Each structure stands twice: as C-alpha cells, then as structure tokens.
Amino acid sequence: MSNFDEKSGLVYSITPWGQWAQTIEEVFVEVKVPEGTRSRDVKCDIKTQYMSLSVHNKEIIKGPLYLKVLSDESVWTLEDKKIIKIVLVKSDRSAASCWKSLLQDQYNSDAFTFNEMEKKLTLERFQRENPGFDFSGAEISGNYSGGGPKF
C-alpha cells in the first residue's frame, strides 16, 4: 500500500464474506473466517485469471478474476486466526484499470462504490504524475471514469 493510500484510505466493496478494495497496482481482499482458523485449514489458489479460496473445506470464493493478476507476486495471509487478507497484484497497473467486481459477474461494486473507486484511482494517478503535491485529501468532479482526463 502506498503512502497516498495510507493517508487517504481505501474504498471498500462489501461482500457476504468480507470486503475488497483496490489501488492502481493491487486488489485487497479481506475474508472473515471462524475464530481459531489455522493456515492449514485454508486453501487459496491464485492464478493469472482465476482465484479460489476455501476454509475448513468450505468454498468461499471461486471463479475467474475480473482482470488478470501477476499470480507469482500475489499473496495471502491469515491474521489473528480470524481474517484472511489476500493481495492480488494487477497485471494492468493504470488508473483506467478499475475493477468493477472481484470476479467476473460476482461480488460487483454498487454504482456509488464503483464511482468512488474510480475517483480514488484517478487521484492516485494525479499523485504519481505530480509527486510534489499531496492529493490525499482532494476532491474531484467531472471526468474521472477510465482513469480521468488524458493530458
């Protein structure tokens, strides 16, 4: 997570099993699991275009990812024996690559949340293009879909 995200926070999409959010480079997945879960109870498979997660042999997430990821750089961890955190490294790392859902046709962001995600990625892009400025508290309006205006 970049300094920009630490200052400005992430926009989460809520799901039945937890939540997910994204930056230009990564998608963050947080899955609530029964307290006391151990890593040997978890099976997580991350491929370039596919992901599955099961806990205690119960399938939680399974299907084709919304867009491609770098599977060799993506990881999962079990924290406090009650939450699984997955970091998917996006293959396309541009502000225009805003995921509408975690999986294709599953765990879609509602229209408001997706709109806020696009705003956040556009501000992150502005921050990268102008490193001397702080956009973490900025508000934008207008054309920010698809990564914002092209200069």
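A residue counts as buried under 20% relative accessible area, exposed over 50%, and partly exposed in between (1.4 Å probe, protein chains only). Keep that handy for this predicted model, where local features need pLDDT of at least 70, side-chain atom pairs count only at pLDDT 80 or more, and totals for chains, interfaces and linings use all residues. Residues are numbered from 1 along each chain as its sequence is written, and side-chain values use heavy atoms, with hydrogens and water left out.

**The chain overall**
- You'll find two helices and 10 strands here (DSSP runs: H or I of at least four residues for helices, E of at least two for strands, numbered from the N terminus).
- Starting at the N terminus, the order is α-β-β-β-β-β-β-β-β-β-β-α.
- Of the 151 residues in the chain, 46% are buried.

**The loop between β5 and β6**
- Histidine 56 sits in the loop between β5 (50–55) and β6 (58–64), and asparagine 57 lies in that loop too.
- Most residues other than glycine have a negative phi.
- Histidine 56 has a positive phi, near 55°, and asparagine 57 also has a positive one, near 65°.
- Histidine 56, with a relative accessible area of 43%, is partly exposed.
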